[in-house]
Amino acid sequence: MRNKFLGTGDPGYHPWRKLATVVSGLRYAVIYDFSVAWKLIASIPVLVATLLLRDWLDSLLLLVVTVFVLVAEMFNSAIEALCDFVEPRYSEKIAVIKDIAAAAVGLAMLAWLLVLGFEVEAMLAGAG
């Protein structure tokens, strides 16, 4: 695809190629990044249960925080891979960059776990 700022790449926008890239990246993240895979696997049953048993707004909130934590995790993995590619040896500056990226994932996980926990608790309270 053409980069309009750098003037490089092939001209033209191809939405199917873009979609294929998105699917490829998501597939790669789920298969090779355990932290992405387990969050996705943990969210799917709760998301299905909220769709069936709870209000649509609860399902939407759970979907948003799940996507939020997955995006944060994928950005973190990309940042770590890029840092390791640029500087394979230990660097204090790289360590700080990786720590900041990990902190972003930590905050996203906190929001995800809170919403996930509240939804599971609400479903269990409704069943009992």
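Read along the sequence, the protein follows the pattern α-α-α-α. It contains 4 helices and 0 strands, where helices (H or I, at least four residues) and strands (E, at least two) are DSSP runs numbered from the N terminus. The model is predicted: local features need pLDDT of at least 70, side-chain atom pairs count only at pLDDT 80 or more, and totals for chains, interfaces and linings use all residues. Residues are numbered from 1 along each chain as its sequence is written, and side-chain values use heavy atoms, with hydrogens and water left out.

Of the 128 residues of the protein, 26% count as buried; buried means under 20% relative accessible area, exposed over 50%, and partly exposed in between (1.4 Å probe, protein chains only). The accessible surface comes to about 9,200 Å², of which 73% belongs to carbon and sulfur atoms; such areas come from the Shrake-Rupley method with a 1.4 Å probe, and for residues only the protein chains shown count as cover. Among contacts (heavy atoms within 4.5 Å) with a separation of 6 or more, 58% join residues 24 or more positions apart.

**Helix packing**

Two packed helices are described by the angle between their axes and the distance between the axes. Axes are lines fitted to C-alpha atoms, for helices over the stretch in contact, and angles run from 0 to 180 degrees between N-to-C directions.

| Pair | Angle | Axis distance |
|---|---|---|
| H2 (residues 34–53) and H3 (residues 56–86) | about 175° | 10 Å |
| H1 (residues 15–32) and H2 | roughly 95° | within 5 Å |

The angle between H2 and H3 makes H2 roughly antiparallel to H3. Angles under 35 degrees count as roughly parallel, over 145 as roughly antiparallel, 65 to 115 as roughly perpendicular and the rest as oblique. From H2, the contact includes Ser35, Lys39, Val46 and Leu47, while H3 contributes residues including Leu62, Val69, Glu73 and Met74. The residues of this contact of H2 with H3 divide into 10 nonpolar, 5 polar and 2 charged. Here Ala, Val, Leu, Ile, Met, Phe, Trp, Tyr, Cys and Pro count as nonpolar, Asp, Glu, Lys and Arg as charged, and the others, Gly among them, as polar.

The axes of H1 and H2 cross at roughly 95°, which makes H1 roughly perpendicular to H2. Ala29, Val30 and Tyr32 of H1 meet Phe34, Val36, Ala37 and Leu40 of H2. By class, the contact of H1 with H2 has 7 nonpolar, no polar and no charged residues.

**Nonpolar core**

A nonpolar core is a set of buried Ala, Val, Leu, Ile, Met, Phe, Trp, Tyr and Cys residues joined through side-chain atoms within 4.5 Å. The largest one has 16 residues, of which Val46, Leu62, Val65, Val69, Trp112 and Leu116 touch the most other members. H2, H3 and helix H4 (92–127) are the elements that give two or more residues to this core, and H4 gives the most, with 6 residues. Leaving aside its neighbours within four places in sequence, Leu116 is in contact with Val46 and Leu62.

Ser77 is found in helix H3 and is partly exposed, with a relative accessible area of 24%. Its C-alpha atom is separated by 9.3 Å from that of Ser35, 42 residues apart along the chain. Leu61 also lies in helix H3 and counts as partly exposed at 42% relative accessibility. Leu61 and Leu47 are 14 residues apart in sequence and 9.7 Å apart in space, C-alpha to C-alpha.
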